[in-house]
Amino acid sequence: MATNFSSVPILDYSLLSDSATRPKFISDLQNALINVGFFYISRTPVVPEDVEAVIRDAPKFFDLPAEEKERIRMIHSPHFFGYSRFGAELTKGKVDQREQFDFGTLYEESYRPGDPEYRKLWGPSQWPDEKLLPGFKDTYVRYVQQVNKLGDELLTLIAEALHLPSNAFSRFREPGGNQNRAKVVKYPVPEDDSSDQGVGPHFDGGFLTLLLQASLHRGLQVQNRAGEWIDAPPIPGTFVVNIGKALETVTQGVAIATSHRVISPAKGSTPRYSIPFFQMITQDLIIGKAVLDIPPEILALKEARGKVASDSVNYAEYNELPAGQVALIGRVKYVVCSSVLTRWDRVNHPTAV
Ligand SMILES: O=C(O)CCC(=O)C(=O)O
Ligand SMILES: [Fe+2]
């Protein structure tokens with residue numbers, strides 16, 4: 001019997017603080033992981049004022065003078081951080097109607113000559129000039145530190161929900177600390193009727209994505225088992241969490257990555273903003289060869305879920321290549337699509353040609 005879903009479940013994080021309600025959270029989480037791949041999470045420890053501050057500052061970034069956004073364009077960063085112009089990205093061969101700023105959690109570059117190329121993916125971010133956007137960097141750093149911690153806590157809870165030891169996922173994270181990524185995204189109202197693809201159907205590649213919908217627009221949609229697109233509208237005070245392909249891989253497909261997309265805001269509306277945070281994994285491991293032992297009662301729940309319909313690309317490379325290489329391939333595809341490569345790009349992203 002195939003299980004399906006017609007809405008995205010909401011999990012209340014505050015249930016965890018009482019031993020009487022904690023089991024309800026864990027069982028809701030188990031259901032969301034196995035049968036949906038997406039859930040909202042409310043009443044988290046992330047400070048509401050810090051969430052309001054990133055929401056307030058998101059449009060300000062895109063209103064910066066064009067020269068300042070150009071100065072910190074992604075092509076200037078060996079770590080693929082920085083600004084991407086409107087229309088720079090393709091999903092399934094079609095242009096995504098969005099503009100974005102990518103940044104990472106604080107990280108000192110650790111790449112040394114002779115290391116695999118993919119280790120260059122981790123390093124410092126580019127930030128807008130403090131004089132032009134006072135406090136922007138501090139606001140975003142403070143925010144991602146908290147989301148980072150929430151993501152780590154969620155992994156421990158996911159282990160519990162799948163009847164695994166609480167540290168089951170540690171071997172997939174970098175011993176000295178991972179770099180995780182985030183971005184601020186603006187989806188403008190399309191200028192004509194030719195496309196409303198904010199971002200086309202795709203899976204996220206890492207472990208967890210924690211998304212803050214930073215304006216009140218609908219547009220995010222999640223594909224259910226029957227292939228139907230289910231709305232995931234903004235709910236103030238929540239994050240939308242979804243499973244990436246790496247987490248699906250290491251749980252033998254028990255926690256499921258679900259395809260999703262964003263439809264551009266309707267004519268006469270205003271731009272939509274969102275702030276996704278992507279939890280990354282260690283770089284050197286071929287994760288498909290290091291999957292977790294899953295208890296039989298949990299594998300049985302996966303079987304009961306039945307067949308999954310999807311029209312997205314998959315991440316079969318996780319079975320053959322180090323995770324960092326898979327991440328680099330994803331980024332390079334993006335840069336190749338996004339711009340005419342300059343000589344500098346070819347030197348810094350040699351696998352891009
Ligand atoms: O903007 C959103 O709501 C979702 C964005 C997304 O799915 C992504 O960038 O991976
Ligand atoms: Fe996504």
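# Cores, iron site and helix packing in a predicted model

The largest nonpolar core contains 70 residues, and F25, Y143 and F169 have the most contacts inside it. The largest share of this core, 13 residues, is supplied by helix α4 (residues 136-161). The structure is a predicted model.

**Nonpolar cores**

- In soluble globular proteins, nonpolar side chains tend to be buried together.
- Y143, one of the residues with the most contacts inside the largest core, touches V46, D50, V51, V54, L212, F239 and I275, when residues up to four places away in sequence are not counted.

**The iron site**

- The iron ion (ligand 2) has three residues as its protein donors: H202 through NE2, D204 through OD and H260 through NE2, and they lie 2.1 to 2.2 Å from the ion.
- Along the sequence, the donor residues of the iron ion are spaced H-x1-D-x55-H.
- H202 belongs to strand β8 (residues 197-202) and H260 to strand β13 (residues 260-263), so the pair ties together parts that are 58 residues apart in sequence.
- H202 counts as buried because its relative accessibility is 18%, and buried means under 20%.
- H260 also counts as buried, at 7% relative accessibility.

**Packing of helices**

- Two packed helices are described by the angle between their axes and the distance between the axes.
- The axes of helix α2 (residues 48-62) and α4 come within 9 Å and cross at roughly 135 degrees, which means that α2 is oblique to α4.
- On the α2 side, this contact is made by D50, V51, A53, V54, D57, A58 and F61, and on the α4 side by F136, T139, Y140, R142, Y143 and Q146.
- The crossing in which α2 passes α4 is left-handed.
- Helix α1 (residues 22-36) packs against α4 at an angle of about 85 degrees, with the axes 9 Å apart, so α1 is roughly perpendicular to α4.
- Residues R22, F25, I26, L29, Q30 and L33 of α1 meet L157, I158, E160 and A161 of α4 in this contact.
- Helix α1 also packs against helix α6 (residues 296-305), at an angle of about 45 degrees and with the axes 9 Å apart, which makes α1 oblique to α6.
- The crossing of α1 and α6 is right-handed.
- The α1 residues in the contact with α6 are Q30, I34 and N35, and their partners in α6 are I298, L301, K302 and R305.

**Loop residues**

- Most residues other than glycine have a negative phi, and most peptide bonds are trans.
- F80 has a positive phi, near 60 degrees, although it is not a glycine.
- F80 is found in the loop between α3 (66-71) and β3 (82-84), and it is buried, with a relative accessible area of 1%.
- H163, likewise not a glycine, has a positive phi near 60 degrees.
- H163 lies in the loop between α4 and β7 (181-187), and it is partly exposed, with a relative accessible area of 43%.
- Leaving out residues up to four places away in sequence, H163 touches Q30, P295, E297 and I298.
- Between the C-alpha atoms of H163 and P295 the separation is 6.9 Å, although these residues are 132 residues apart along the chain.
- Q30 and I298, which H163 touches, also take part in the contact between α1 and α6.
- T270 lies in the loop between β13 and β14 (272-278), and it is partly exposed, with a relative accessible area of 47%.
- Apart from neighbours within four places in sequence, T270 is in contact with V189, H217 and P265.
- The C-alpha atoms of T270 and F62 are separated by 14 Å, and the two residues are 208 residues apart along the chain.

Notes
Residues numbered from 1 in each chain as written. Chains lettered and ligands numbered in written order. Predicted model: local features only at pLDDT ≥ 70, side-chain atom pairs only at ≥ 80, totals over all residues. Heavy atoms only, no water. Core = buried A, V, L, I, M, F, W, Y, C linked by side-chain atoms within 4.5 Å. Buried < 20%, exposed > 50% of the residue type's maximum accessible area, 1.4 Å probe, protein only. Helix = DSSP H or I, 4+ residues; strand = E, 2+ residues; numbered from the N terminus. Contact = heavy atoms within 4.5 Å. Donors = N, O, S within 2.8 Å, 3.2 Å for Na, K, Ca; no water. Axes fitted to C-alpha atoms, helices over the stretch in contact; angles between N-to-C directions. Parallel < 35°, antiparallel > 145°, perpendicular 65-115°, else oblique. Left-handed = near helix turned anticlockwise from the far one by under 90°.
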